[in-house]
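Visitor: Hi, could you walk me through this model?
Guide: Happy to, let's look at it together.

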Amino acid sequence: MDVYVMKAGKRQGPYQPFLLKEMLDDGELTPLDSVWHEGMEGWKPLGETDSLRAVWKKEAPVPVEDDIETVEAPRRSAVKTSAPEVELTLAVLQQRRSLAWRRFFAKQIDMTIAIVLAVAAAIAIGWADVWALVKPQGWLIILAPALLWIPVEAAMLALFGWTPGRLMLGLRVVDKNGSTPGFVAALKRSALIWAGGLGFGLPVETILPLAQWMYTFWHFQRFGNTLWDHSAGTQVIFRELNRGHATGLALFTAAMASLTAWIFLYVPVPERITGENRQALEQIGQTLWKMAAPAPAARDSKS
């Protein structure tokens, strides 16, 4: 059997199964790496490929369908309910849960970038102030980031297979052949995410985005795929996280924290924000000032 491996977005191989086992033992390959061989519908993580179970599990290969028909009924039942099958289910569930969180945070990073860019454009036109990043002013500012991000995301996926958030978390979107998806497929995928995974860009307190996140998380754990990937004919391949990913995440987090602190510390709360919302935001600003101010002992020693 010739098996191909997707590493760093490039197809490698073909390899024989025994070579894959050696690569696993040497650390050159992980169960998260996507593989494909003739007969598979598309690329799948090695750790979820039943036909290659003998490669990553120390057990005999699963009998092919023709062989199962020749096995006696008691023996066939034992194969289906054996302990390794239970262990496999738990392992796959844990793996999918970890990957689901990576996909979720990648999307949140992308949407944060989209919000910053959309608000910056609205400020330049005169439609918003910088506090719109904290407290959006009107439905246009709420819905615009996701709507504007759909074609931008589709173009990036068609060209590179990733967006900033996916790049930081080692994710890449490909079609069933392992290539970057076409623009139309990527556009369809992005629109379905906006409608079925982001609650049309509505705030979390409207409940709809939260409900969609929970359903998508459950669906991915059970089936290893999302509705938009299934509909668009795409899939997400995962790379092992390294120092480069950690550096990117640290820089992004520092940039967002600095921007938020600057708004609360130096930009007055606008008149459009009134009542309890205004008091809460001003209280946050005062708390940040106290945290940033030097301690009295430090000031006395300097004087």
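Guide: A quick word on terms: helices (H or I, at least four residues) and strands (E, at least two) are DSSP runs, numbered from the N terminus. This is a predicted model, where local features need pLDDT of at least 70, side-chain atom pairs count only at pLDDT 80 or more, and totals for chains, interfaces and linings use all residues. Residues are numbered from 1 along each chain as its sequence is written, and side-chain values use heavy atoms, leaving out hydrogens and water.

Visitor: Thanks! How far apart in helix α9 are Tyr 215 and Trp 218?
Guide: They are three residues apart in helix α9 (residues 208–223), so about one helical turn separates them. Tyr 215 and Trp 218 form a tilted aromatic pair, 5.7 Å centre to centre with 35 degrees between the planes. Rings of Phe, Tyr and Trp (its six-membered ring) pair if their centres lie within 6.5 Å; planes under 30 degrees apart count as stacked, over 60 as edge-to-face and the rest as tilted.

Visitor: And how many aromatic pairs are there by this rule?
Guide: The count is 12. In one of them, the rings of Tyr 4 and Trp 36 have centres 6.1 Å apart and planes at 35 degrees, so this pair is tilted too. Tyr 4 lies in strand β1 (residues 3–7) and Trp 36 in strand β3, so the pair ties together parts 32 residues apart in sequence.

Visitor: Switching to Ser 34: buried or exposed?
Guide: Ser 34 is buried, at 3% relative accessible area. Buried means under 20%, exposed over 50%, partly exposed in between (1.4 Å probe, protein chains only).
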